[in-house]
Amino acid sequence: AGDNYAGLVRAGEDLLRQPGGLLYVYGRQGSGRSHFLSALCTEAESAGLRSVLVPLAALEGASAGILDGLEGSDLLALDDVRAIAGCREWEEALFHCFNRCREAGVRLVFSADTVPAGLGLVLPDLGSRLGQAPCWAMGLPDDQSRELLIQAAASRRGWILEAGVLRYLVVRAPREPGALLACLERLDQLSLRAARRLTIPFVREC
């Protein structure tokens, strides 16, 4: 398993260039798993690919049939596999979805709070399928990786960040990727509302 955030970003970029590719990311709550999958889908759309993000934890009570037909996408991102672990109906649906997507050359990315072997799946075949994916841990990124993350978020928002502001954010913004990205989203809202560009005084004030 890899644990370097910059390496994970490169793995995501490689996935978008590789039809039929696989990727599995895991980390505790707040590690930025969901943000990473969302950003990957955004990058896919920008590259002209059709992406679908399925937040499994938000589908409690829904029919597992929701996974039918998703092999028509170019990238399928399944967030929080733990949410369906232990439910045979959902596990079987995900197993068959996985197989259909592999046959169709769909790129697949999964996220969870642990490695596939730690999910407690009742369907061994699903565990073996998930185990085929390169597995990346999402820990706290180092400063260089945080800088890359901030720059990527700034680029998506059309920000032009001065070097001093970027360094200030690297040092002062939250360490966890999820909280960091939430902070940047809040800064985006406040700068638009105040019609002010991002300077160190404005960021400090926010």
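**Helix packing and cores in a predicted model**

Trainee: What are the angle and the axis distance between H5 and H6 in this predicted model?

Mentor: Helix H5 (143-157) and helix H6 (163-172) pack at an angle of about 120 degrees, and their axes are 10 Å apart.

Trainee: Which residues make the contact of H5 with H6?

Mentor: From H5 come Asp143, Arg146, Glu147, Ile150 and Gln151, which meet Leu166, Arg167, Leu169, Val170 and Val171 of H6. By class, five are nonpolar, one is polar and four are charged.

Trainee: What makes H1 and H2 oblique to each other?

Mentor: Helix H1 (residues 5-17) and helix H2 (residues 33-46) pack at about 40 degrees, with axes 10 Å apart. Roughly parallel requires an angle under 35 degrees, and roughly perpendicular begins at 65. The pair is therefore oblique. On the H1 side the contact is made by Tyr5, Leu8, Val9, Gly12, Leu15 and Leu16, and on the H2 side by Phe36, Leu40, Glu43 and Ala44. Eight of these residues are nonpolar, one is polar and one is charged. H1 passes H2 in a right-handed crossing.

Trainee: Which residues touch the most other members of the largest nonpolar core?

Mentor: That core has 37 residues, and those with the most contacts to other members are Leu8, Leu23, Val25, Phe36, Leu75, Val109 and Leu184. Elements that each supply at least two of its residues include H1, H2, H5, H6, strand S1 (22-26) and strand S3 (75-79). Leaving aside residues up to four places away in sequence, leucine 184 touches Ile150, Ala153, Arg157, Trp159 and Leu169. Another core, of 32 residues, lies apart from the largest one; Val54, Leu56, Leu59 and Val106 are among its members.

Trainee: How do you know whether alanine 195 is buried or exposed?

Mentor: The cut-off for exposed is over 50% relative accessible area. Alanine 195 has 71%, and is therefore exposed. This residue sits in the loop between H7 and H8.

Trainee: What is the phi of alanine 195?

Mentor: Phi there is about 55 degrees, a positive value although the residue is not a glycine. Aspartate 80, also other than glycine, has a positive phi near 70 degrees. Its place is the loop between S3 and helix H3 (88-104).

Conventions:
Residues are numbered from 1 along each chain as its sequence is written. This is a predicted model: local features need pLDDT of at least 70, side-chain atom pairs count only at pLDDT 80 or more; totals for chains, interfaces and linings use all residues. Side-chain values use heavy atoms; hydrogens and water are left out. Axes are lines fitted to C-alpha atoms, for helices over the stretch in contact, and angles run from 0 to 180 degrees between N-to-C directions. Helices (H or I, at least four residues) and strands (E, at least two) are DSSP runs, numbered from the N terminus. Angles under 35 degrees count as roughly parallel, over 145 as roughly antiparallel, 65 to 115 as roughly perpendicular and the rest as oblique. A crossing is left-handed if the near helix is turned anticlockwise from the far one by less than a right angle, and right-handed if clockwise. Contact means heavy atoms within 4.5 Å. Ala, Val, Leu, Ile, Met, Phe, Trp, Tyr, Cys and Pro count as nonpolar, Asp, Glu, Lys and Arg as charged, and the others, Gly among them, as polar. A nonpolar core is a set of buried Ala, Val, Leu, Ile, Met, Phe, Trp, Tyr and Cys residues joined through side-chain atoms within 4.5 Å. Buried means under 20% relative accessible area, exposed over 50%, partly exposed in between (1.4 Å probe, protein chains only).
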